[in-house]
Structure formats: C-alpha cells, structure tokens
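Trainee: Hi! I'm new to this one, could you walk me through it?
Mentor: Happy to, let's open it up together.

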Amino acid sequence: VPTFRQCLNHTAGFDGHGDFGGMNHPHFENVILNAIDWNEPGNVHRYSGIGYELVAKAMEDVSGLQAARLYDEQLFQPLGLGDVVLGNASSDAELTAAELAAFGELLLGRGTCRGLQFFRNDTFEQLLPRSLAVRDAPANGYGVGLHWIRHRRPSADGMASAVGELLFSEHTIGHGSFSGCILVVDLDRKLVIAQTRRE
C-alpha cells in the first residue's frame, strides 16, 4: 500500500493522469485498490496524477467534507483567490497568472502568506525535492509536486552544472505542466514567475 509521500512524489507505482474520474469518482479508491497488486510502491518513479487524486479522497474520509470544498475553504479563499474552477486534485484547475503566483508567495513564505500560516517551516522543508532511491528517479530528485529548476543562462557553456551558469539561484523550485502553465520560485532571490493559458 503506498504512503502519502509516495502518492505525492510519483513513487506510488501508479501510471496515468486523470484516469478513472479522479477525486470526483465516488468509488475512486476502490478502483485503485482493485489494481494494487500490480503497482510497485516505492520501487519506481512514474509521473502520475493518480496519487494526488487518492490523497484527495483520503482528505475527504478524514474531514467528512468534499475535497473541492476543502481546497476552497482551506486554501483558495484564505489566499484571496475567489472562485477557482477545480476539475480534479492533480490538474485541471483554472487559475490566472496572479492566482498561480499566490502559490509562489506561499512557498517563498515557507508556509506563511498574506498574514496567515498554512503550514510550518519544517513542513515546507518536507515539500522540497530530495533524492529518490527508486528506478527512473529524476537526477535532481523530486519533492511534493516540486522539482529543482536548473535553467541555464543563454550564454552558459555546457549543461548548467556550475552555479554561475544557472539563470536562477540553485535554490529554485517549481513545476510546469503539459498545458504550458509554469510556476518558478527562486527562494534566494525572492522571485516568483507564473505563466498560465486560457485553455
């Protein structure tokens, strides 16, 4: 059975993204349980949103509230985002660039944003990318929805291995998406870059 961390760092053995209806499927966790013997929790890194959907279902079980309501009441509204359209837990949220940047502010504040504490600094440290001892693990490690951003300067020679060749500081985290949305957070320079699309 995968742990929460394995679900959130893509080492739970799941494959696919948005399959089976995600957190909105009333029996999602049962569908996943039926295939649990074919997964390899803790053995391989496979980028998949299924773990995030499973964690959302666990949040519902613990709280007794629908996951979309939890996101709205505990995250979106306190961040001042207004009505966020949320299709599922792993993707399909409709955000403006400014709304996405609010998550960057939250990461810059190590859990504190706009005068509110969402999580403690030690929890923030647990979100950061770390080395994964599994097959197909990214060379720079992987965190909870975050990886190290290692863009090199246009003038840099080679593969940006030296700090001076990096476009951002060596403590830059973020995530991109297939849709073209990007969140880059340079923790040293206190810089947030957010890009979204209309569709």
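Trainee: How do the residues lining the largest cavity divide into nonpolar, polar and charged?
Mentor: The lining has 3 nonpolar, 6 polar and 1 charged residue. Keep in mind that this is a predicted model.

Trainee: Which residues line the largest cavity?
Mentor: The lining is made of Gln 6, Cys 7, His 10, Thr 11, Ala 12, Gly 13, Phe 14, Arg 46, Ser 48 and Gly 51.

Trainee: And what volume does the largest cavity have?
Mentor: About 30 Å³. The structure holds 1 cavity of 30 Å³ or more.

Trainee: New topic: which residues touch the most other members in the largest nonpolar core?
Mentor: That core has 40 residues, and Tyr 71, Phe 76, Leu 81, Phe 103 and Ile 173 touch the most other members. Elements giving two or more residues to this core include helix H1 (4-8), helix H4 (67-76) and strand E7 (182-186). Helix H5 gives the most, with 6 residues.

Trainee: What does Phe 76 touch, leaving out residues up to four places away in sequence?
Mentor: Phe 76 touches Tyr 71, Leu 81, Gly 82, Val 84, Leu 86 and Phe 103.

Trainee: Last one: is Lys 57 buried or exposed?
Mentor: Lys 57 counts as buried because its relative accessibility is 7%, and the cut-off for buried is under 20%.

Trainee: Where does Lys 57 lie, and what is Lys 57 in contact with beyond its neighbours within four places in sequence?
Mentor: Lys 57 lies in helix H3, residues 50-63. Beyond those neighbours, Lys 57 is in contact with Met 23, His 25, Pro 26, Phe 28 and Glu 29.

Note on methods: Residues numbered from 1 in each chain as written. Predicted model: local features only at pLDDT ≥ 70, side-chain atom pairs only at ≥ 80, totals over all residues. Heavy atoms only, no water. Helix = DSSP H or I, 4+ residues; strand = E, 2+ residues; numbered from the N terminus. Buried < 20%, exposed > 50% of the residue type's maximum accessible area, 1.4 Å probe, protein only. Contact = heavy atoms within 4.5 Å. 1 Å grid on protein atoms, 1.4 Å probe; cavity = no way out; pocket = protein on both sides within 12 Å on 5 of 7 lines; lining within 4 Å. Points joined across faces, edges and corners; volume = space filled by probe spheres on them. Nonpolar A, V, L, I, M, F, W, Y, C, P; charged D, E, K, R; others polar. Core = buried A, V, L, I, M, F, W, Y, C linked by side-chain atoms within 4.5 Å.
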